[in-house]
Amino acid sequence: MKKIGLRRLSAIAAVSLSATVLAVVPAHAATTIKIITPNYTDAMPAYYADLNARFEAANPGIKVEHTNLSWDDILVKGRTLVATNSTPDIMNLNTFSDYAAADLLYKATDIFDAKTLADFVPAFIDNSKYNGTAYAVPDLASARMFFYNKKILYTSGVNKVPTTWAEVTAAAKKIKAKYPSVYPIAIPLGSEEAQGEFAIWAGGNNGRYFDDKTKKWVINSKANVETLKFLTSLVKAGLTQPSPASTNRTDAFKLFSQGKVGMINASVFFPSTLKDYKSKVDYGVAPFPHSATGKSITLGVQDYFMAFKKPGNDVAVKAWMNFLFQPTNYAGFLKAAGGFIPATKSASTAVDSSLLPFIAQLPNAIFYPGDLAAWPKVAGTITTQVGTGVIYDAKGVLDKIQKVAVAAGTK
Amino acid sequence: MTAISLGAKKVKNRRPANSFLSALPWIGPAILLILLVVVWPAIELIRISLTKITSAGVLEGFNGLGNYRLLFENPDLKTIAIRTVIWVLSVVFLTVIISLPLAQLINQNFPGRKFVRWAMIVPWAASVVMTSIIWKWMLELTSGEFNLTLRQLGIQHGQPVDWLRDPRFSFYVLIWVAVFVSIPFTTFVILAGLQSIPHDIVEAAQVDGASAWQVYRGIKFPLLRNSLLIATIINLINVFNSFPIIWALTRGGPGYNTDTTTTFAYKMAFVEYNMGPSTALGVINFGFIMLIVLVYLRVTKATRDQA
């Protein structure tokens, strides 16, 4: 029987010198639920303030204590809250499986009726299952495509958007010859999002992190080693931005927005990011290039809403979750989150036309093995380590990550 | 005479038995605070390091030395430990070497001395995170002031240098920023030492015809011993614990290339969700700090006894 930590995780307190201060809210006689969500954009806090005000008006017995956090903070908080016995009632996060494995979560069927559940996109709800049972629901998803700077590409004599690795290399060489100060292709393998950057390149070479058929980690597979070596060849030829192993996705996005990058892997929300940056770059979007033996894929990434089992909170969390996913409220959520793919079928019918190419890619989507309890740990190790494969020996680095994954298990 | 000495004897006899109890009302709150914010977390730290803990943060019971075993099996630990030693020693050494002449300088009387002293204390008074972020902006690849200046001066050609992301440079840049942040405190400790040197000794030496260097080498420097020791030890602790500089500038990356045991413990826990070994490393870091604190107490006691 697992036991939830009763005490402060002071080990962590000792090493983390930055303490986050929790707002102290007076206790109410009514049920109070604590909700913690990340800010997809700066519009999220205002959205939730409005949502919660309407929710509390409609549900007089329930008070909502809502904390909006940056992604950086919520990734740390998500772990410490459980360890410090201040588990929230509802959380929105990029992983759910290790909470499900620890038996902390309500099943999706405890929260939603069959009709609401049936409205979620099946592929996304399948990714929310642990041991065959959904313990979370998807809130939104993203897919990635190949973005290119039209002016740089076309004026460098590249007449066709690259679809294979060989064409990527050839196009990058042409761009470098024409524009020495432009980075032909940005490959951000810094810790912010290296697991995604590597997954999409490897996916186009039939490489995966986890083999669903054999139920084994395959991080150091031949296909993945080949992929990392291909990326290294681009780096060594000077066709990428400098130090890819420590370039974060945000850094690379900024370089692209300034017209300093020719080609980049980017997510469905990238157009709205470019708008935020007031970028003047005229960009095109294409399916992601693949190796000679692979086929074009996209990386589907989804986030989750999950409700934590706590005595007496079932009615309140059920009410709030259903309130959030009411069509108009959920539409507002998607709008505030900015440019993601909806997680429900009903919301998918009314999306912005800029999302359509990404939705068209979804049948070719590969996903992270997010249903494994080991995934958060493995993903964390990939983010910090995989980039060093372009500096050191690709095989050695992938072997090291594989070892961590194998030790973390396949449950 | 007798009465007085008897009284003195009485007081002396009574002190060991009762002084603690009678002092308790005054030191009680402080002791309580120390128990609460130092001793209790330390005990918890050790307790959790002996507990099995999942990536979700769930505690699963006693685990013996399992977390420590996992930590020492980590192939990267050795490199990171060696780097931590290099980090601490080089930052402290450079800081002291640079601070000695600086303290000498601001001990002189010159117009505008007040402003120089004021300017020197700023990097210390400012938040370290803020300072680190300003350095991050200055050293940014394409738009940082540093690279732009190098370019305008014609020193840098071709592709700009990626100071913070290129593992060939980033660790040295971190060392420099840490030195920059440590200099003010160190300089002022040494300055205090310089000002406590009696004028008459210096004057006597000068009358005897000692050169400025001889005065410094033979009189001032030896008398700075205590200030130097204290500055060194406090810097050792600060630099060893230094988290914000590394985290704000490089996050210890790429890989673990600029991690010290402090940032590594955090990275294991909150980026790689590898909680167990991280708690073990937390205990080891804590033990190391305790060791330096003991040395500090020894040194200050020695200097106090000397005085």
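**Domains, chains and helix pairs**

Author: Happy to! The C-alpha centres of domain 1 and domain 2 of chain A are 31 Å apart. Keep in mind that this is a predicted model.

Reader: Thanks! Which stretches of chain A belong to domain 1 and domain 2?

Author: Domain 1 of chain A takes in 28–142 + 301–360, while domain 2 covers 144–267 + 374–408.

Reader: And how many residues of domain 1 of chain A are in contact with domain 2?

Author: Seven residues of domain 1 of chain A are in contact with six residues of domain 2. On the domain 1 side, helix H4 (97–101) and helix H17 (356–361) of chain A are the elements that give two or more residues. By class, that side of domain 1 has three nonpolar, three polar and one charged residues.

Reader: Nice. Now the two chains: how many residues does the contact take from chain A and from chain B?

Author: The contact takes 42 residues from chain A and 42 residues from chain B. In chain A, helix H1 (10–15), helix H3 (71–83), H4 and helix H18 (375–385) each supply at least two residues of the side that touches chain B.

Reader: Which one gives the most to that side of chain A?

Author: H18(A) does, with seven residues. Taken by class, the side of chain A that touches chain B divides into 18 nonpolar, 16 polar and eight charged residues.

Reader: Let's stay with H18(A). At what angle does H18(A) pack with helix H19 of chain A?

Author: H18(A) and H19(A), which spans residues 394–408, pack at about 165 degrees, and their axes are 9 Å apart. Angles over 145 degrees count as roughly antiparallel, so H18(A) is roughly antiparallel to H19(A). The crossing of H18(A) past H19(A) is right-handed.

Reader: Which residues in H18(A) and H19(A) meet?

Author: From H18(A) there are A:Lys377, A:Val378, A:Thr381, A:Ile382 and A:Gln385, and they meet A:Val397, A:Lys400, A:Ile401, A:Val404, A:Ala405 and A:Ala408 in H19(A). That contact has seven nonpolar, two polar and two charged residues.

Reader: What about helix H2 and helix H15 of chain A, how do their axes cross?

Author: The axes of H2(A), residues 44–58, and H15(A), residues 327–337, come within 9 Å and cross at roughly 165 degrees. That makes H2(A) roughly antiparallel to H15(A), and H2(A) passes H15(A) in a right-handed crossing. A:Met44, A:Tyr47 and A:Leu51 in H2(A) meet A:Asn329, A:Gly332, A:Phe333, A:Ala336 and A:Ala337 in H15(A). By class, the contact of H2(A) with H15(A) has six nonpolar, two polar and no charged residues.

Reader: Switching to chain B: how many helices and strands does chain B have?

Author: Chain B has 13 helices and two strands. Its radius of gyration is 25 Å, whereas a compact globule of 307 residues would have one near 19 Å. Along the principal axes, the C-alpha atoms of chain B fill a box of roughly 85 × 65 × 30 Å.

Reader: Last thing, what about the backbone? Which residues does a cis peptide bond join in chain B?

Author: A cis peptide bond joins B:Gly253 and B:Pro254, with omega about 0 degrees. B:Pro254 is in the loop between helix H11 (244–249) and helix H12 (261–270) of chain B. In chain A, A:Asn206 has a positive phi of about 65 degrees although it is not a glycine. A:Asn206 lies in the loop between helix H10 (194–203) and strand S9 (210–211) of chain A. Most residues other than glycine have a negative phi, and most peptide bonds are trans.

How values were computed: Residues numbered from 1 in each chain as written. Chains lettered and ligands numbered in written order. Predicted model: local features only at pLDDT ≥ 70, side-chain atom pairs only at ≥ 80, totals over all residues. Domains from an automatic or database assignment. Helix = DSSP H or I, 4+ residues; strand = E, 2+ residues; numbered from the N terminus. Nonpolar A, V, L, I, M, F, W, Y, C, P; charged D, E, K, R; others polar. Axes fitted to C-alpha atoms, helices over the stretch in contact; angles between N-to-C directions. Parallel < 35°, antiparallel > 145°, perpendicular 65-115°, else oblique. Left-handed = near helix turned anticlockwise from the far one by under 90°. Rg over C-alpha atoms; globule rule 2.2 N^0.38 Å.
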